[in-house]
Amino acid sequence: MKTLELHNLSKSFAFGRSHEVRVLKDINASIPAEGTVSIRGSSGSGKTTLLNVLGGLVHPSDGRLMWDGKSVYEQGRESLVQWRSRMAGFIFQSYHLMPELNIRENVLLPAWFLGMDQRGRAEELIELV
C-alpha cells in the first residue's frame with residue numbers, strides 16, 4: 001500500500017535578515033493512501049503550512065516528504081508538478097471556481113488538464129457534495 005511519510009519535517013519562514021519563525025518542527029508520521037487523517041489545532045499552529053508542504057506547494061526547510069518510498073521534493077520540479085497533479089487534491093476554505101464554467105465543468109477541470117475523461121467520477125463527486 002502506498003504511504004505518505006514525513007521524516008523530521010520542519011518549515012521555517014524568514015522575516016528580514018535576522019528573524020526566523022519555525023512553524024513546523026521535526027514532524028514524523030506515516031499516512032496510508034487509503035486512510036483518512038484529521039489535522040486539528042488552534043489558529044496559527046501550522047495546519048495550513050503542513051497541508052501546503054504535504055500537497056507539494058511549499059518546500060520544507062528540513063526533513064523529507066516521501067511518497068511510495070521516493071522523495072517528493074528531491075526529484076526535480078517537473079516530477080513534483082506531475083506528482084501534485086496526480087496525487088494531491090485541495091479543497092480551499094475560499095472556493096476557487098471558474099465563473100464561466102458550470103459545476104460539472106469546474107469539477108472536471110483538473111482531469112481535462114491531464115487529458116483524462118472523468119465524467120462518471122465527476123457525477124459521483126457532485127452527488128456526494
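In the hairpin of β1 and β2, three residues lie between the strands, and G16 takes a positive phi near 75 degrees. The model is predicted, with local features requiring pLDDT of at least 70 and side-chain atom pairs counting only at pLDDT 80 or more, while totals for chains, interfaces and linings use all residues. Residues are numbered from 1 along each chain as its sequence is written, and side-chain values use heavy atoms, with hydrogens and water left out. Helices (H or I, at least four residues) and strands (E, at least two) are DSSP runs numbered from the N terminus.

**Strand pairing**

- Strands β1 (residues 3-15) and β2 (residues 19-32) run antiparallel and are joined by 10 bridges; two strands pair if DSSP finds at least two bridges between them.
- Within this pair, T3 stands opposite P32 in β2.
- β1 also pairs with β3 (residues 62-67), in the antiparallel sense and over five bridges.
- In β3, W67 stands opposite L4.
- In a regular strand, side chains alternate between the two faces of the sheet.

**Salt bridges**

- The count comes to three salt bridges, each defined by a side-chain nitrogen of Lys or Arg within 4 Å of a carboxyl oxygen of Asp or Glu.
- R22 and D62 meet in a salt bridge at 3.4 Å, N to O. R22 lies in strand β2 and D62 in strand β3, so the pair ties together parts that are 40 residues apart in sequence.
- R22 is partly exposed at 41% relative accessible area, and D62 is partly exposed at 40%. Buried means under 20% relative accessible area, exposed over 50%, and partly exposed in between (1.4 Å probe, protein chains only).
- E74 and R64 form a salt bridge, with the closest N and O atoms 3.5 Å apart. E74 lies in the loop between β4 (70-71) and α2 (77-87) and R64 in strand β3, so this pair ties together parts that are 10 residues apart in sequence.
- E74 is exposed at 55% relative accessibility, whereas R64 is partly exposed at 37%.
- R104 and E123 form a salt bridge, with the closest N and O atoms 2.2 Å apart. R104 lies in helix α3 (residues 103-113) and E123 in helix α4 (residues 119-128), so the pair ties together parts that are 19 residues apart in sequence.
- R104 is partly exposed at 36%, and E123 is partly exposed at 31%.

**Nonpolar surface patch**

- Y95, L97, I103, V107, L125, L128 and V129 form a nonpolar patch on the surface, with about 780 Å² of accessible area together.
- Patches take residues with over 30% relative accessible area and no salt bridge, joining like charges within 9 Å and nonpolar side chains (Val, Leu, Ile, Met, Phe, Trp, Tyr) within 5 Å. Accessible areas come from the Shrake-Rupley method with a 1.4 Å probe, and for residues only the protein chains shown count as cover.
- Helices α3 and α4 each supply at least two residues of the nonpolar patch.
- L97 lies in the loop between α2 and α3 and is partly exposed at 44% relative accessibility.

**Second largest pocket**

- The second largest pocket holds about 170 Å³ of space.
- Its lining consists of K2, W67, D68, K70, S71, V72, Q75, S79, L80 and W83.
- β4 and α2 are the elements that give two or more residues to this lining, and α2 gives the most, with three residues.
- A pocket is an open set of points on a 1 Å grid over the protein atoms alone, where a 1.4 Å probe fits, with protein on both sides within 12 Å along at least five of seven lines; lining residues have an atom within 4 Å of a point. Grid points are joined across faces, edges and corners, and a volume is the space filled by probe spheres set on the points.
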